[in-house]
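Please read these notes with the model open beside you, taking the points in order. They concern contacts between side chains, and each point can be followed by eye.

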Amino acid sequence: MPPSILLIVLLLLSYAGYQIGKRRSLASVDGKIRELHSLPGFYGLYSALWSIIPALIVTVVWLSLETAWVSGNVISTLPEEMRELSNSRLYLVLNDIKNVVNGVTVATQTDPVILEAAQHYKHLQQLSHILLSVVAITFSLAGIWFSSQRIDKNHRARNAVEKAMDVLMMICSTIAIFTTIGIVFSVLFESIRFFKAVPITDFLFGLEWSPQTAMRSDQVGSSGAFGAIPLFTGTLLVSLIAMLVAVPIGLMSAIYLSEFASPRFRATAKPTLEILAGIPTVVYGFFAALTVAPIIRQTGEYLGFSVSSESALAAGLVMGVMIIPFVSSLSDDVMNAVPQSLRDGAYALGATQAETIRQVIFPAALPGIVGSILLAVSRAIGETMILVMAAGLAANLTFNPFEAVTTVTVQIVTLLVGDQEFDSPKTLAAFALGLVLFIATLILNVFALYIVRKYREQYE
Amino acid sequence: MSDMQFPNENREDKPTTFDIVQQSLAKRRAAERRFRWYGLGGIALGLAFLILLFADIAAKGYTAFEQTQVKLDIFFDPAVLESSQAEDKEQALSRADYNSLLKNTLRELFPEARSRREKKDLYALISSGASFQLRKMVLQDNSLVGKTVSVWVPANDDVDMLFKGHIDRRVKQSDRRVNDRQLAWIDRLVAENRIEKHFNKAFFTSGDSREPELAGIRGAAMGSLFTLVGTFLLSFPIGVATAVYLEEFAPVNRLTDLIEVNINNLAAVPSIVFGLLGLAMFINFFGLPRSTPIVGCLVLTLMTLPTIIIAGRASLKSVPPSIREAALGMGASPLQTVFHHVLPLAMPGMLTGSIIGMARALGETAPLLMIGMVAFIVDIPHSFTEPSTVLPVQIYLWADSPERAFVERTSAAIMVLLIFLILMNGLAIYLRKRYERRW
């Protein structure tokens with residue numbers, strides 16, 4: 001049976017285990033619950049956990065090994081000349097087979113060898129699923145049997161169940177760590193492979209970016225250029241434009257919201273501004289590409305500039321709008337945290353409200369505001385969709401906001417969307433860019449969080 | 001206030017503090033007002049952008065909810081439908097050339113189209129999906145064969161655009177997608193009441209298509225649904241368990257400290273990096289199938305977990321310690337205290353946090369591009385392992401299409417997406433208001 005049905009069966013079995021455990025505990029004291037060590041439900045849970053956890057572990061381990069085993073087996077039955085292909089070619093063949101199995105490719109159009117292999121693949125997969133079902137259900141039943149043997153009135157079921165829940169919750173909380181490790185490893189390993197092909201200095205300091213690689217080794221112009229400086233400047237240029245929009249608007253809004261606005265105005269204006277941050281970035285991308293960019297181009301032509309249809313300015317402006325709430329909400333919180341006594345002191349000396357804000361509150365809140373701006377910058381650097389749709393693909397090394405630029409995130413997307421081989425520098429370059437992006441935003445975030453947190457503690 | 005109240009000996013020699021303050025007062029008050037206006041201006045600009053964005057999308061997209069259709073009196077010619085050399089009638093009907101039925105009808109309507117070019121222009125008025133519509137009709141009701149029925153069939157996207165005023169008929173013929181001949185025919189159809197705008201049902205019921213007049217969002221919406229349901233099923237229990245553990249049970253040591261720092265950092269990692277993780281781990285390493293909701297929801301789970309955990313911890317923190325102490329005092333174990341007393345009280349806050357996380361996941365595009373959910377998929381997905389796409393990715397794909405008709409469809413899809421987002425956020429606000437409690 002397929003894994004999804006197996007899962008349902010296992011869940012049903014564990015429910016059965018719950019009932020059996022509960023009944024058995026009640027039977028062991030003839031229904032006098034007071035004589036039990038734990039509540040009957042705990043005995044039920046005890047059985048249910050024994051029934052499902054070992055079976056689930058077996059299933060997960062089995063399924064994660066299954067693909068490798070089936071693929072290996074299918075490859076070994078392929079004809080001689082196919083088996084001797086290079087690893088990457090073999091991977092493609094295997095992919096074809098999988099596509100036939102999954103029904104992505106229509107079976108009648110493929111080569112008979114692949115078709116036969118696909119049959120074999122399907123057969124092995126079915127065999128594996130049958131075996132898995134048998135094993136998993138056996139484990140589940142054995143769990144029920146084992147646990148129900150141990151149930152009697154002195155059995156400390158509650159302690160066991162609570163221990164299990166504790167461990168379960170602990171495992172859940174380590175997922176964050178595993179995610180981080182996963183991110184680091186997945187980008188690091190591929191990046192190392194990339195840096196074997198392209199020296200790291202060429203990547204970090206090269207001035208030309210044209211990631212074309214040859215499909216065949218004898219092709220003309222087979223070596224691409226992987227200098228990332230144009231991407232870095234493009235990213236910085238767009239982020240700079242975005243910050244020029246977001247910081248003044250965001251800061252002024254934050255000041256008004258925290259100091260001048262009436263509570264009612266604040267209660268509606270703040271969440272309304274925050275809608276800007278909740279709009280999906282594709283929507284901004286569409287808006288930038290179809291509405292803002294043409295307006296900018298027309299205005300530019302009217303004023304006598306030459307503006308390309310995809311410009312850093314259009315993408316940056318729209319991204320700035322998206323980022324306004326990041327600046328305004330965080331700065332607003334920080335300014336609200338400035339104690340009232342500082343304001344009162346300034347008023348007592350005769351300062352107007354504006355002077356108090358400029359000369360007392362703003363300096364006091366400055367570290368927090370800087371922190372919020374840094375968070376907004378890291379958001380700008382990592383933003384993808386607006387840039388993919390509105391900033392262009394041309395890797396120009398320029399600071400002219402009217403020209404098309406490309407950014408780190410845009411290149412990651414263009415390198416990885418579409419058909420790809422996983423051992424060409426072209427695709428691996430995306431992971432190297434991902435590594436740079438991850439490190440850059442991580443440093444910014446850690447620094448920003450450190451500043452915000454350190455500042456906030458001052459008044460508590 | 002008069003100066004007399006503040007006698008000062010050397011008043012003539014130099015201005016007093018009071019004078020300085022008096023003189024600068026007007027300026028200071030003006031500065032104060034200006035400052036206020038700047039603040040208000042900032043908010044107004046932000047809100048203006050928001051309104052502009054919504055208005056622009058709505059103005060571009062509202063026309064997509066209607067589709068131009070042409071009424072044709074189709075003669076279901078038995079000679080065409082039953083002549084093929086198939087074994088039985090059913091098969092003959094399913095394989096027959098329905099396109100020629102349409103062509104015959106059009107030629108009868110406009111007999112003046114003689115040359116190949118003219119005929120080609122004529123046939124181009126009708127969407128290529130019309131023949132599928134006829135086929136479906138006949139397969140549903142075999143008795144139609146031999147009868148003449150008036151059918152509303154979708155017009156081609158260029159006709160649709162002309163009808164909605166997106167193509168200007170005053171432009172030179174060479175710059176226009178509809179030529180003069182076709183214009184004349186369309187005008188005749190209008191005169192005969194054979195062309196009308198109807199509610200665009202296809203937009204909500206069909207999958208993606210290369211033909212704008214046939215393209216719909218159903219496939220993407222189903223993909224989004226599967227992805228979101230999967231994300232919720234994974235991220236909510238894990239997020240709640242993590243929040244409960246960290247807030248209620250975890251000892252303070254290096255490990256839990258590391259977990260905390262990690263969660264805060266993950267919340268700020270760019271989403272595209274999660275896409276890279278999904279590509280390298282789930283697809284290349286574990287061999288999960290590409291372009292499927294299952295990989296999508298794994299990636300989005302990892303992405304939204306930090307948001308849910310942070311919101312969950314905040315709502316657990318707001319439950320006062322007295323609740324815990326009372327439960328513990330009555331003899332409940334720590335686990336019972338949390339699950340029977342603390343968690344139910346914190347649940348609304350946790351749900352609010354997860355709904356906001358889900359709303360963010362619904363609008364996410366970049367990581368899904370990495371795991372191949374950009375494929376062109378016509379079929380509507382029915383399970384977690386079928387290739388599919390999601391609404392934001394569909395918007396991205398359509399935004400890239402050159403046809404003018406896709407602009408309005410993209411805007412319409414954006415409107416649908418935004419409506420879902422507003423509903424989700426509204427639900428979160430409702431929950432927060434409904435269950436908000438001050439201790």
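1. Over all chains, this predicted model holds 21 aromatic pairs. In one of them, the ring centres of W209(A) and F226(A) lie 5.8 Å apart and the ring planes stand at 90°, so the pair is edge-to-face. The two residues come from distant parts of the chain, since W209(A) belongs to strand β1 (residues 209-210) of chain A and F226(A) to strand β2 (residues 225-226) of chain A, 17 residues apart. Both W209(A) and F226(A) are buried.

2. Another edge-to-face pair is formed by F226(B) and F384(B), with 5.2 Å from centre to centre and 70° between the planes. This pair, too, links distant parts of the chain, 158 residues apart: F226(B) sits in helix α10 (residues 218-249) of chain B, while F384(B) sits in the loop between α16 (366-370) and α17 (391-399) of chain B. F226(B) has a relative accessible area of 15% and is therefore buried, whereas F384(B), at 31%, counts as partly exposed.

3. Chain B also contains an aromatic cluster, made up of F65(B), F199(B), F203(B), F204(B), W398(B) and F406(B).

4. Rings meet charges as well. The charged end of R358(A) sits over the ring of F35(B), at 5.0 Å from the ring centre, and the charged end of R434(B) sits over the ring of Y435(B), at 5.1 Å from the ring centre.

5. R193(A) is partly exposed at 37% relative accessibility, but E190(A), at 11%, is buried.

6. Which residue forms a salt bridge with R266(A)? The partner is D332(A), and the closest N and O atoms are 2.5 Å apart. Here distant parts of the chain are linked, as R266(A) lies in helix α9 (residues 263-278) of chain A and D332(A) in helix α11 (residues 312-336) of chain A, 66 residues apart. D332(A) is buried, with a relative accessible area of 0%, while R266(A), at 23%, is partly exposed. Both belong to a network of salt bridges that also includes K270(A) and D333(A).

7. In chain B, the side chains of R194(B) and E192(B) meet in a salt bridge of 3.1 Å, N to O. In this pair R194(B) is buried at 12% relative accessible area, and E192(B) is partly exposed at 39%.

Technical notes
Residues numbered from 1 in each chain as written. Chains lettered and ligands numbered in written order. Predicted model: local features only at pLDDT ≥ 70, side-chain atom pairs only at ≥ 80, totals over all residues. Heavy atoms only, no water. Buried < 20%, exposed > 50% of the residue type's maximum accessible area, 1.4 Å probe, protein only. Salt bridge = Lys/Arg side-chain N within 4 Å of Asp/Glu carboxyl O. Helix = DSSP H or I, 4+ residues; strand = E, 2+ residues; numbered from the N terminus. Phe/Tyr/Trp six-rings, centres within 6.5 Å; stacked < 30°, edge-to-face > 60°. Lys NZ or Arg CZ within 6 Å of the ring centre and 35° of its normal.
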